[in-house]
Amino acid sequence: MPDQQRTLVIVPTYNELDSLESIVHRIRAAVPAADLLVVDDASPDGTGVLADRLASVDPAITVLHREGKDGLGRAYLAGFDHALARGYTHIVEIDADGSHDPAELPAMLDLARTADLVIGSRWVAGGAVRNWPWLRQAISRAGNAYSRAVLRSRIRDITAGYRVFSANALRSLHLDDVSSQGYCFQVELAWRLERAGRTVVEHPITFVERENGQSKMHLGIVLEALLRVTVWGMTGTPSSKSVR
Ligand SMILES: Nc1nc2c(ncn2[C@@H]2O[C@H](COP(=O)(O)OP(=O)(O)O)[C@@H](O)[C@H]2O)c(=O)[nH]1
Ligand SMILES: [Mg+2]
């Protein structure tokens, strides 16, 4: 990792008790100079308690406890506020369930030296998915194809949740205006940056389906994305006015 980068890796959690310790150790091993923020939404299974225990023995780890389950987008927005207030230059999004291999992070952070957003992408050459149910693959492929067409985007994996943002790019977005709550949040941020002429690059990854715990994906999340993307495509908003 380049010396001038100060990186915060944000790990959102909701009921990830059986995954958290492993992913935290893998992240720390892959990017030892990076700090790590767990954003837990009061997981009933005690994930937040485990996160506190991990933080108590590693000063690089901090835990943000939120009052209850409030969606992935809002968890990340809280994490971004934390990162930007503390002067990090690069902010990483990564799932807690092991689907995103932290070993890709040095390469992604290297790309982030000259990009505003680096997406760990399943749907570019060299990218892949492993053990993902066909329905999830179909939703992802269809969602990306629809977004590309309706939003006139060039991004192949605009819903991906494995990312590096430059702090400058996040600052340029008016994060208070971000309306999406669920996974559509990922589409909104990437599209706003792309429309503003920011550099968005995709780095091929192999996405591996979780071995422990349950997915939080549900029909409402898909419908939110479908509705919002359709409206954005028709109205042209969220407008580039929202990006400095
Ligand atoms: N803090 C928080 N994390 C969430 C929430 N919803 C999902 N996550 C986390 O977001 C990541 C991706 O969720 P996951 O259920 O694996 O989604 P999938 O990979 O699309 O099936 C995991 O680390 C989850 O624990 C939420 O409402 N709050
Ligand atoms: Mg998952």
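The model is predicted: local features need pLDDT of at least 70, side-chain atom pairs count only at pLDDT 80 or more, and totals for chains, interfaces and linings use all residues. Residues are numbered from 1 along each chain as its sequence is written, chains are lettered from A and ligands numbered from 1 in the order written, and side-chain values use heavy atoms, leaving out hydrogens and water.

Start with the sheet. It is open, with seven strands in the order E3-E2-E1-E4-E7-E5-E8, and its pairing is mixed. Helices (H or I, at least four residues) and strands (E, at least two) are DSSP runs, numbered from the N terminus. Two strands pair if DSSP finds at least two bridges between them. Strands E3 (61-65) and E8 (200-204) are the edges, each pairing on one side only. From one strand to the next, the twist averages 20°.

Strand E5 (residues 117-121) pairs with E8 in the parallel sense, over five bridges. There, Gly120 stands opposite His203 in E8.

Next, the helices. Which two helices pack with their axes 8 Å apart? They are H3 (residues 72-85) and H7 (residues 184-195), at an angle of about 50°. Axes are lines fitted to C-alpha atoms, for helices over the stretch in contact, and angles run from 0 to 180 degrees between N-to-C directions. So H3 is oblique to H7; angles under 35 degrees count as roughly parallel, over 145 as roughly antiparallel, 65 to 115 as roughly perpendicular and the rest as oblique.

Contact means heavy atoms within 4.5 Å. H3 contributes Leu72, Gly73, Tyr76, Leu77 and Phe80, while H7 contributes Phe185, Gln186 and Leu189.
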